[in-house]
Amino acid sequence: MKKQDIVAYLFLAFAWGLSFLVLLHVVDAFGWVGAVTLRSLVAGGTLLAFAALRRRALHFGARRLPFVIVGATTVAGQLIGLSYATPRIGTAMAAILVAAIPLFSMVIAHLWKLERMRAQGLLGLVTGTIGIVLLVGFPAVPITPDFLLGCAASLFSAFCAAFGSNYASHRLRGIGSLEVTIGAFLSGGIMTLPLLLAVPVPGLPSWSDVGALLVLACVMSALTYVTYFRLVASIGATRTISVEFAVTVVAVLVGAVVLDEPIAPLQIAGAAVIIAGCALVLGLLPFGRKPKLKPVP
């Protein structure tokens, strides 16, 4: 990885890890549908304004359907799942389940024949699945139908993120990261807009609520997604999506230290098992790798 790729990777880890804390505030003020819809439209509008001020010509290509699909998955599906799940299961639990994204990503990449699934990858998938079972089956809070629904929403969010990332790297190859981000956010925001009729904004938000929304939309969405899609184009979807490991660590620490959320020993074990499974899937562990051949002098 180049130096700028490493900087971008670390920026995503901290920005998305801290975003769980801001997300709770925004969901409380605007509702879980309002948080997704307004976040998406403000993020897309911010990037359009940025492009206009920079006089940056936008080239979306001839096809619009790929942007709609990426918006429906990476934006609408992922953010709805997170916004619905986080208040119900807590930031720590939601963040740990986010670490399942690379597992889904590897399965999708294998089914689409974008990457080969090796024995080490299969072992990683089994290991990660065991970690998810440990998390959901033995949490630090009582198991209720609302809790299980939140876990299902969080896993749905993870699947949508993995699907959208692989789809974007495959179908939107050659399209700029700014165009991909604008198209995805505006598509996702328009898709979720009708849901406000069923789940309206609960009340008149305060200026601090609006400020939190702007931080979430402009910094933790618009800027991060441009950075994310740029990394996908630079180092690939699977390697980029492994940033969720670091996101999980940051978010769990924030939930435990700032929000005083309980973390059971089995949750810590489950998180460790998921991360180990993802490391196997991504080939980050030393064993199982093919040795590099030295050039003959």
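User: Is cysteine 151 buried or exposed?

Analyst: This is a predicted model. In it, cysteine 151 is buried, at a relative accessible area of 2%.

User: And cysteine 218, what is its relative accessible area?

Analyst: Cysteine 218 comes out at 25%, so it is classed as partly exposed.

User: How many disulfides turn up in the whole structure?

Analyst: The search returns 0 disulfides.

User: Which helix gives the largest share of the lining of the largest cavity?

Analyst: Helix 1, with 5 residues. Helix 1 spans 3-53, and helix 2 (65-89) and helix 10 (243-257) also supply at least two lining residues each.

User: What does that lining look like by class?

Analyst: It has 8 nonpolar, 2 polar and 2 charged residues. Among the lining residues are Trp16, Phe20, Arg39, Gln78, Tyr225 and Glu244.

User: Now the second largest cavity. Which helices each supply at least two residues of its lining?

Analyst: Helix 2, helix 6 (145-171) and helix 8 (207-235) do. The lining residues include Thr74, Ala161, Ser165 and Tyr228.

User: How do the residues of that lining divide by class?

Analyst: Into 6 nonpolar, 3 polar and 1 charged.

Key:
Residues numbered from 1 in each chain as written. Predicted model: local features only at pLDDT ≥ 70, side-chain atom pairs only at ≥ 80, totals over all residues. Heavy atoms only, no water. Disulfide = S-S within 2.5 Å. Buried < 20%, exposed > 50% of the residue type's maximum accessible area, 1.4 Å probe, protein only. 1 Å grid on protein atoms, 1.4 Å probe; cavity = no way out; pocket = protein on both sides within 12 Å on 5 of 7 lines; lining within 4 Å. Helix = DSSP H or I, 4+ residues; strand = E, 2+ residues; numbered from the N terminus. Nonpolar A, V, L, I, M, F, W, Y, C, P; charged D, E, K, R; others polar.
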